[in-house]
Amino acid sequence: AATPGPVGAAWQIPAAIAVVIGGFISNLVTPMEAAALGAVLALFINAMNGELSRAMLRAAARRTSVTTAMILLIVLGAQMVSATLAFQGFTRAVSLFIQDLPIPALGILLMIALLYIGLGMLFDGLSMMMLTLPFLFPAVRALGQDPLWFGVVLVVCVQIAELSPPVGVNLFVAQQLTGERIEEIWWGVLPYIVVLAGVLLLLLLFPQLGLFFK
């Protein structure tokens, strides 16, 4: 089959995003089911484009296995560290310290957001969350914040961090894909960082925005 031209292929990515994200936002499927649906949809699009082959399936399965194993090792290591910190009483001590800070809740939440942005320049998002959530999440709950809202804020912080120069993870991914100098990538992502920072500020000032689909 012939590969579709730019116009014929333009609908495929938006359609996949709409099906996967729209599926779990509308509560028609769970996030795990949405991921499986996205994989099936990707196979269908590749078959429709004439790109589906045994070699491609083997390569995709191999990359998926390696990525999954890497993620599981990260989760295992982070859980071991978290369990050790909790056993030593560090988790509770940090949580109580955050709650007792003599500053408003908004100030504490802003500090937490800046902490995640800073850590994200050195760690990937999953490692960072696994290491910090055990002692930050109870503090956020004690401040009276909605857990779902905090999850939205956390995702935005991670995205800012992984785009932030000089060592944001996504910067090096973009460099590998484009072949551009890292300095060019830095300047290219600045508008996106500004937009994400604006979204973060709005979420902190107006928490109800993060609960719109709740």
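Analyst: A contact means that heavy atoms lie within 4.5 Å. Among contacts in the protein chain between residues at least 6 apart in sequence, 64% join residues at least 24 apart.

Some ground rules come next. This is a predicted model, where local features need pLDDT of at least 70 and side-chain atom pairs count only at pLDDT 80 or more, while totals for chains, interfaces and linings use all residues. Residues are numbered from 1 along each chain as its sequence is written, and side-chain values use heavy atoms, leaving out hydrogens and water.

Now the setting. The protein chain has ten helices and zero strands. Helices (H or I, at least four residues) and strands (E, at least two) are DSSP runs, numbered from the N terminus. Of the 214 residues in the protein chain, 24% are buried. Buried means under 20% relative accessible area, exposed means over 50%, and partly exposed lies in between (1.4 Å probe, protein chains only).

On to the core. A nonpolar core is a set of buried Ala, Val, Leu, Ile, Met, Phe, Trp, Tyr and Cys residues, joined through side-chain atoms within 4.5 Å. The largest one holds 30 residues. Ile 112, Tyr 116, Trp 149, Cys 157 and Leu 200 have the most contacts inside it. Helices 5 (90-99), 6 (105-120), 7 (125-142), 8 (147-163) and 10 (182-205) each give two or more residues. Helix 8 gives the most, with nine.

Look at Trp 149. Leaving aside residues up to four places away in sequence, Trp 149 touches Leu 109, Leu 203, Leu 204, Pro 207, Gly 210 and Leu 211.

Helix 6 comes next. Its buried residues are Ile 108, Leu 109, Ile 112, Ala 113, Tyr 116, Ile 117 and Gly 120. An α-helix has 3.6 residues a turn, so residues three or four places apart point the same way.

Where is the aromatic pair? The structure holds one. Rings of Phe, Tyr and Trp (its six-membered ring) pair if their centres lie within 6.5 Å; planes under 30 degrees apart are stacked, over 60 edge-to-face, and the rest tilted. The rings of Phe 137 and Phe 150 have centres 6.4 Å apart and planes at 45°, so this pair is tilted. Phe 137 lies in helix 7 and Phe 150 in helix 8, so the pair ties together parts 13 residues apart in sequence. Phe 150 counts as buried, at 4% relative accessibility. Phe 137 is partly exposed, at 28%.
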